[in-house]
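Please open the model in your viewer and keep the selection panel at hand. The stops below are meant to be taken in order.

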Amino acid sequence: MNVLLFLIPIALLLGLFGLAAFVWSLRTGQFDDLDGAAARVLFDDDLPESER
Amino acid sequence: MDGLVDLSGFVRPREDGLNELDFAVEGMTCAACIVDIEQALKKMTGVRQARVNYTNHRLAIAYDGAALDPAEAVETLRRIGYRVHPFEVAQAEERDKEEARYLLRCLAVAGFAAMNVMLLSVSVWSGDAGDMASETRDLFHWISALIALPAAAFAGRPFFVSAFAALKRRALNMDVPISLGVILALAMSVYETIHHARHAYYDSALMLLFFLLCGRYLEQTMRRRTRAVAGNLAALRSPLANLLSADGAVTQVATARLKPGALVLVRPGDRVPVDGTVVKGTSEIDESIVTGETRYRRIGPGAEVLAGTLNFSGALHVSVRAAGVGSFIDEIERLLESAAGAKSRFVGIADRASRIYAPVVHITALATAIGWMSAGASAHDAIVTAIAVLIITCPCALALAVPAVHVVSSGALFQSGVLLNGDHALERLAEVDVVVFDKTGTLTTPEPRVANAEEIPAAIFERAARLARASKHPLARALVDMRGLGLVADGAREEPGAGVLAMLDGVEARLGSAVFCGLDADGVRARAEAQQASAICYRRGDETAIFLLRQTLRLDAAQVVTALRDAGYAVEILSGDSAVATADVARALGVEAAQGDARPSDKLARLEALRAAGRKPLMVGDGFNDAPALKAAYASISPITGADVAQACADALFLGERLQPVADALAIARKSRRLMRENLFMAVAYNMIAVPLAVTGYVTPLIAALAMSGSSLLVTVNALRAARGGILGLMGDEQAAESGAPAITTTPQSHTKDVAA
């Protein structure tokens, strides 16, 4: 059962990592405009003129 | 165009030396507009950042104050077809945003903790069936406690705080049983863990919190969205006034800051910002928003003018009598107060349910514990059973049953161009059986339209529109609205009170009064009066045309009235306009019950008579004079172009040029009422089955938590059905964008048309 001593902390750390990522995205305003974000992924404005 | 807007009051300096400005954007119809706006602004020198928020139609720019006058940015966007209005984010909205983030953070923590505790719990359950050593089980329970206790303390705060506040007032609310269930379950679990017991209930407590936070966040999102839209609309109607100082200089100030006695300049085409007395200038004003009367009133020095009326032909100097509130509004407010009592008697389904629910839950749980103990069970078993009862009766399903439907239906309403204003508006709209329309501004378009468009050749119309686009006059705007966006005449010059002229293809063209265009003034006036319209003339060389403008019926008015009658609603018209004009409209729409010359008190009386007869009238109206009637009606809707007072009284507002949203609102409200009832029925049925099981001790807290979550999901999925039909509204938006609809905030197309397409 010694393997648990590694696995449980790893599982918790992964979970905490996910939580931290969520809180970070919340803080940087990524949940402020969900409708816009859905559309922005389709825009080509990050490409140079020639490739649009 | 004269002088650019002064935006200095709205600029916020940033730490890095740049300036920031927020705008509400009008005319965004699809996501492609995001690129248009951002690209156009980023090309301007001095603009460092431009970001559109598509969800709430806002624009934030950061710019170098030395290199750019923000008014130029406004002008640039106007040229590509978007009107933007400077904007000060309201404090209430800022608070809402903070609260949303707070709830999301709580939700994230509860979700994280619930997942990890569940991971440990599942191991314990499968270990129980196998060969898990009791030390390992204790370890897992202790780790669960380590995660669950701080997580619940963090994520449970929204409930704990509200429950505590309620208890302090010696009242009960939904949060009391929730908090009690969570705290008891956790305390019990810690006790069990210390005594090396087989079961702990950390998972139940956390799952409960997670689902409840989901419901609460959804509810909050809906409120926040409505408030954002309301904020935009307030910016669109920007309450600015041109203040005249003693030396004749003009500055723009917020209307609210005007003091009685100050002098205000009202240009032709502007709405009068204040109640006051004309000191200088003559003009014609359109008072239809106040009285419903469609004829213009001639005014000169000494005349009284009311806020909200539209100044047509000449510049006026107005001495402020009262800004914001005036005697006319005072009178209206007096009527409002007498009418206000009627609505507050209404209590929403959810409120009624929760008022009974919380005490019943507590008594049942307490009775269960006492019952088991007196039947000889140990205190431990009795408390575990009582916790199961508390959790299983957790008002999740009940708490979600109504808000979930509300969220989804107000989304569907939003797509149809309807915004909910009052509490329980949806539930009241669903019960309406009579629809009473105001005429001016409601059945008819709020702004005048060209009545004889078909008589005028398209080429002439387009050339006239090129001149009209250069003018600020309200009649010219009617021409522009008919033709949409397009070329603007170069070098156009506006002669105040006369018209606008410019060289078009090498020939001088004029648009304006009959005299200005060299036409027979008496003949034109006679023709206009015969049609109860205003005339605007056009001449380019020998080419002439007369545009007759008046408030025409909304395009789909007849269709909507017919549809309402087919759906079983009685339809009436109550108008402050002359009896003749009202009768004309009633005939065109096939409405028999029509009353003209109705003063505010007459309208109020009619609605009270309807209610006394046991009917549930919906009032649809826009003017100051409709406000008491809107308040007295069982439910009310006002167009977004209506007066502020009317909007404040209405349960819902609708956007756009069409009347269809009114019919949509009624249909969606009826549908959502059905779904709410289904949901409440499901929640009650679930409790009828689950509670006896829990009371008799067949349910552990874990199964209780699972059953509770299951019922919540069922109720939420059922609520989603209210959105069907919202998809059609979306299609409408796109169609409007393709046809290049002019700058109207939203132009939802009628649903029937979409189905046919």
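The tour goes from the interface to salt bridges, then to a strand residue and to helix pairs.

This is a predicted model, in which local features need pLDDT of at least 70 and side-chain atom pairs count only at pLDDT 80 or more, while totals for chains, interfaces and linings use all residues. Residues are numbered from 1 along each chain as its sequence is written, chains are lettered from A and ligands numbered from 1 in the order in which they are written, and side-chain values use heavy atoms, with hydrogens and water left out.

**Stop 1: the interface of chains A and B**

Select the residues of each chain that touch the other, where contact means heavy atoms within 4.5 Å; chain A contributes 22 residues and chain B contributes 25. The area buried between the two chains is about 2100 Å², with 67% of this coming from carbon and sulfur atoms; buried area is the accessible area (1.4 Å probe) that two parts lose on being put together, summed over both.

Three salt bridges are found across this interface, a salt bridge being a side-chain nitrogen of Lys or Arg within 4 Å of a carboxyl oxygen of Asp or Glu.

Now colour α1 (3-27) and α2 (34-40) of chain A, each of which supplies at least two residues of the side that touches chain B; helices (H or I, at least four residues) and strands (E, at least two) are DSSP runs, numbered from the N terminus. The largest share of that side of chain A, eleven residues, comes from α1(A).

**Stop 2: a salt bridge within chain B**

Over all chains the structure holds 19 salt bridges. Select B:D651 and B:R428, whose side chains meet in a salt bridge of 2.6 Å, N to O. This pair links distant parts of the chain, 223 residues apart, with B:D651 in the loop between α22 (644-649) and β27 (652-654) of chain B and B:R428 in helix α13 (residues 425-430) of chain B.

**Stop 3: a residue in a strand**

Centre the view on B:S319, which lies in strand β14 (residues 316-322) of chain B. The C-alpha atoms of B:S319 and B:V278 are 6.3 Å apart, although 41 residues separate the two along the chain. Leaving aside residues up to four places away in sequence, B:S319 touches B:G261, B:A262, B:L263, B:D275, B:G276, B:T277 and B:V279.

**Stop 4: two helix pairs in chain B**

Select helix α11 (residues 379-392) and helix α23 (residues 660-695) of chain B, whose axes come within 9 Å and cross at roughly 170°. Axes are lines fitted to C-alpha atoms, for helices over the stretch in contact, and angles run from 0 to 180 degrees between N-to-C directions. The two helices α11(B) and α23(B) are therefore roughly antiparallel to each other, as angles over 145 degrees count. On the α11(B) side, B:T385, B:A388, B:V389 and B:I392 meet residues of α23(B), including B:Y686 and B:N687.

Finish with helix α4 (residues 134-155) and helix α5 (residues 157-168) of chain B, whose axes come within 5 Å and cross at roughly 60°.

Note on methods. Parallel < 35°, antiparallel > 145°, perpendicular 65-115°, else oblique.
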